Amino acid sequence: MEESYLVSARKYRPSTFGSVVGQKALTATLKNSIATDRLAHAYLFCGSRGVGKTSCARIFAKTINCQHRTPDGDPCNECDSCRDFNEGRSLNIIELDAASNNGVEDIRNLVDQVQVPPTTGRYRVFIIDEVHMLSTAAFNAFLKTLEEPPSYVIFILATTEKHKIIPTILSRCQIYDFNRITIQDMIDHLQYVAGQEGITAETAALNVIARKADGAMRDALSIFDQVAASSRGTITYQSTIENLNVLDYEYYTRLVDAFLASNVQESLLIYKEIRDKGFDSQFFVNGLAGHFRDLMVAKDPQTICLLEASDDVRSTMAQQAKKCTPQFLYKAMELCNNADLNYRVATNKQFLVELTLIQLCQLLSPSPTNSGDGEGQLKKIEPVSAPSAAPAPQQQASTPVAKPAPPVAVNPQPSAAPTVAKEPISHAVHPAPAPKTFAKVAPLGSMRSISELNDISIHGNRKKTEQAEANQAGVKRNEPFTDEDFAKAWNEYAASIPTEKIVANAMITCKPKRVAEGHYSVRALSLLQQRQLEEARPAILRFIADKIKNDNLSLDVDIIESEDEAPPSTWRTAKVLDRMKTDNPYLDTFIAEFGLKPD
Ligand SMILES: [Zn+2]
């Protein structure tokens with residue numbers, strides 16, 4: 001007898017309840033109902049593909065016909081009946097795949113067979129797979145039999161889509177919901193199979209296979225065969241990710257380390273490595289977003305169960321998650337999401353992804369506004385925004401961290417924006433020395449004395465003493481403030497009115513510029529924007545005045561005169577890039593070194 005090659009999915013198909021992977025509670029209940037002889041006439045097995053529904057149905061059929069069940073309720077696999085089952089000769093099991101046999105005729109044939117009692121054994125079991133595929137007429141033809149089958153008949157209906165089963169069927173069945181098989185259960189089973197086959201397999205490699213199988217044990221075993229076939233007795237992590245062309249979490253873990261260290265070069269190099277391996281950039285961006293999501297759930301012991309991974313990977317992820325603040329993760333997910341949304345329309349997709357990586361590196365980098373102490377802008381700015389109750393948590397995360405934000409995000413340095421807007425696009429990527437915008441911002445951002453403020457205030461030149469009296473009376477506040485304070489309050493207001501899209505967008509895209517102390521002007525891009533901003537002006541000024549504790553404020557709203565003056569389409573990208581350059585003087589060098597271009 002020559003030994004034929006059996007694929008693992010068939011060879012290691014479970015033959016007892018005990019060997020069904022990942023369904024312990026469910027198989028225990030089934031065994032118990034057999035042991036106590038409390039069988040229903042019809043069962044409905046629900047669950048996604050590859051979780052063991054058909055296997056359980058077969059084991060169930062075999063067990064109830066077994067002549068010498070084991071003490072713990074499994075089939076003996078030795079008696080005549082069990083052997084007939086195992087060799088596919090038993091007449092007591094009839095399987096119908098409703099996906100391909102869903103007509104009335106098919107059901108009539110089945111109903112005819114139901115009338116025939118078993119010649120050996122006690123029960124005949126009818127398994128109807130993908131039962132939701134039956135036509136309505138077929139369902140109706142089946143209903144009567146399902147309701148009152150002969151005593152020797154048991155129906156086991158299986159479906160991947162329980163919601164498609166009509167209530168009249170549901171109410172006649174005992175329902176079992178199969179779990180998705182966890183990654184760890186799969187790894188354990190694959191390890192067992194590898195052992196039986198005399199193959200050494202690294203746990204990390206099996207983890208990759210289990211993830212790829214996405215909850216289906218059958219698929220996991222097929223993939224295992226594929227990898228084993230080319231591995232000559234040893235399945236390594238490296239050979240597995242190469243064989244399956246999988247972008248595994250290890251890349252993402254390295255990338256996040258680079259983000260945390262604000263290491264732009266490293267992140268760009270890892271991205272190149274990933275591209276060189278032939279991975280699609282959008283696929284990569286989505287994978288990265290998924291990794292941030294996994295880190296978020298790994299941060300909390302309560303949610304780590306949502307992380308589909310082996311125990312090893314879980315602890316690695318939990319360790320990395322400890323290094324990330326929630327704000328960092330929210331913001332990072334948002335950046336990835338934006339990149340994903342913009343991907344299709346981007347003319348230079350690689351640049352878009354690289355820009356996103358750079359922005360991710362900026363999230364925790366030191367900058368002029370956080371005094372470069374390496375604390376990170378997130379940590380630095382967080383407490384400031386806390387008292388403002390208006391923005392929702394997510395906006396809180398995005399508003400104060402405006403610096404590394406995606407193109408549409410707010411910009412905390414108002415004076416910089418309009419300046420940049422009028423500059424040619426190319427300026428953003430040329431390795432220009434000391435961006436002009438920063439030079440302009442610095443003097444404006446400096447503190448001014450109270451007397452100076454009072455003198456210039458367009459609301460009248462008050463003397464210090466007069467002001468103090470006014471304050472006591474609760475009339476006019478006049479605390480010193482910087483353009484940055486003003487811009488910050490401006491952005492906070494914009495973030496607090498998410499439903500007033502026109503005003504919010506206008507405030508995000510058009511930044512106020514100081515024309516005199518306390519007096520600002522903003523240039524709307526359209527007549528509509530101008531009107532809306534004018535209408536909102538009192539509310540905006542009230543809000544800002546409360547924030548910076550200064551009532552001597554005014555705001556002009558004019559409109560950009562000509563088309564020429566309107567910002568170019570890539571203006572936002574250019575703006576963000578300019579911002580990042582002011583934060584990180586080395587960025588120009590990187591851009592030059594990597595030969596990055598905006599279009
Ligand atoms: Zn038996």
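Is C76 buried or exposed, and what is its relative accessible area? In this predicted model, C76 has a relative accessible area of 17% and is therefore buried, since buried means under 20%.

**View 1. Four cysteines hold the zinc ion.** The protein donors of the zinc ion are the SG atoms of C66, C76, C79 and C82, which lie 2.2 to 2.3 Å from the ion. The angles subtended by the 4 donor atoms run from 101 to 120°, so the arrangement is tetrahedral. Along the sequence, the donor residues follow the spacing C-x9-C-x2-C-x2-C. C66 and C76 both lie in the loop between α3 (53-65) and α4 (80-86), so this pair ties together parts that are 10 residues apart in sequence. C66 counts as buried because its relative accessibility is 10%.

View 2. The strands are arranged in the order β8-β9-β10, and their pairing is mixed. β8 (513-516) and β10 (554-559) stand at the edges with a single partner strand each, so one side of each is left without a neighbour in the sheet. On average, neighbouring strands of this sheet are turned by 35° against each other, direction ignored. β8 pairs with β9 (residues 519-524) in the antiparallel sense, over 3 bridges. Within this region, R514 stands opposite Y520 in β9. Helix α26 (residues 527-548) packs on the sheet and touches β9 and β10, its direction making about 175° with that of β10.

**View 3. Aromatic rings pair between separate elements.** The structure holds 17 aromatic pairs. In one of them, the ring centres of F259 and F292 are 6.1 Å apart and the planes stand at 25°, so the pair is stacked. F259 belongs to helix α12 (residues 249-260) and F292 to helix α14 (residues 281-299), so the pair ties together parts that are 33 residues apart in sequence. F259 is buried, with a relative accessible area of 0%, and F292 counts as buried at 0% relative accessibility. The rings of F486 and Y520 are also stacked, because their centres lie 3.6 Å apart and their planes at 10°. This pair links distant parts of the chain, with F486 in helix α24 (residues 483-495) and Y520 in strand β9, 34 residues apart. Y520 is buried, with a relative accessible area of 1%.

**View 4. G198 lies in a loop.** This residue is placed between α8 (183-196) and β6 (200-201). G198 counts as exposed because its relative accessibility is 60%. The C-alpha atoms of G198 and T234 are separated by 9.2 Å, although these residues are 36 residues apart along the chain.

Key: Residues numbered from 1 in each chain as written. Predicted model: local features only at pLDDT ≥ 70, side-chain atom pairs only at ≥ 80, totals over all residues. Heavy atoms only, no water. Donors = N, O, S within 2.8 Å, 3.2 Å for Na, K, Ca; no water. Tetrahedral: all angles 85-135°; square planar, octahedral: opposite > 155°, others 65-115°. Helix = DSSP H or I, 4+ residues; strand = E, 2+ residues; numbered from the N terminus. Buried < 20%, exposed > 50% of the residue type's maximum accessible area, 1.4 Å probe, protein only. Pairing = 2+ DSSP bridges. Axes fitted to C-alpha atoms, helices over the stretch in contact; angles between N-to-C directions. Contact = heavy atoms within 4.5 Å. Phe/Tyr/Trp six-rings, centres within 6.5 Å; stacked < 30°, edge-to-face > 60°.
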